[in-house]
Amino acid sequence: NAAPYTKLHPGIKTTITAAVSPNPASSYQWYKNGVPVPGATSERIEVDVDNLGDYSVLVNDNKGCTNSSALLTISEAANDI
């Protein structure tokens, strides 16, 4: 889930959040374009126009299960000029 936007202008940020159920997550690793994002190991990641791309998250839950999310694309918004 990205809120409030998936299309960004310079100066605008959005937050991508992982929702995990039914078991609480014990670890997260975010990926941008298939590459791990350094230090992005919590349930949320903040993204700006300098970090456009396809995001996913790999989650381990407290029962030892691992799963990854579908891709979420953060792209540039069309210019109104």
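Student: Leaving aside its neighbours within four places in sequence, which residues is Val37 in contact with?

Tutor: Happy to start there, with a predicted model, where local features need pLDDT of at least 70, side-chain atom pairs count only at pLDDT 80 or more, and totals for chains, interfaces and linings use all residues. Residues are numbered from 1 along each chain as its sequence is written, and side-chain values use heavy atoms, without hydrogens or water. With contact taken as heavy atoms within 4.5 Å, the partners of Val37 are Gln29, Trp30, Tyr31, Lys32, Ile45 and Tyr55.

Student: Where does Val37 lie, and is Val37 buried or exposed?

Tutor: Val37 sits in the loop between β5 (35–36) and β6 (44–48); strands are DSSP runs (E, at least two residues), numbered from the N terminus. Its relative accessibility is 19%, and under 20% means buried, over 50% exposed (1.4 Å probe, protein chains only). Val37 therefore counts as buried.

Student: How far apart in space are Val37 and Val57, C-alpha to C-alpha?

Tutor: In sequence, 20 residues separate Val37 from Val57. In space, their C-alpha atoms are apart by 9.8 Å.

Student: In which sense do β2 and β9 pair?

Tutor: Pairing needs at least two DSSP bridges between the strands, and β2 (residues 7–8) and β9 (residues 72–76) have two.

Student: Nice! And how do β7 and β9 run?

Tutor: Three bridges join β7 to β9. Look at Gly53, which stands opposite Ile74 in β9. The two strands, β7 and β9, run antiparallel.

Definitions and conventions
Helix = DSSP H or I, 4+ residues; strand = E, 2+ residues; numbered from the N terminus.
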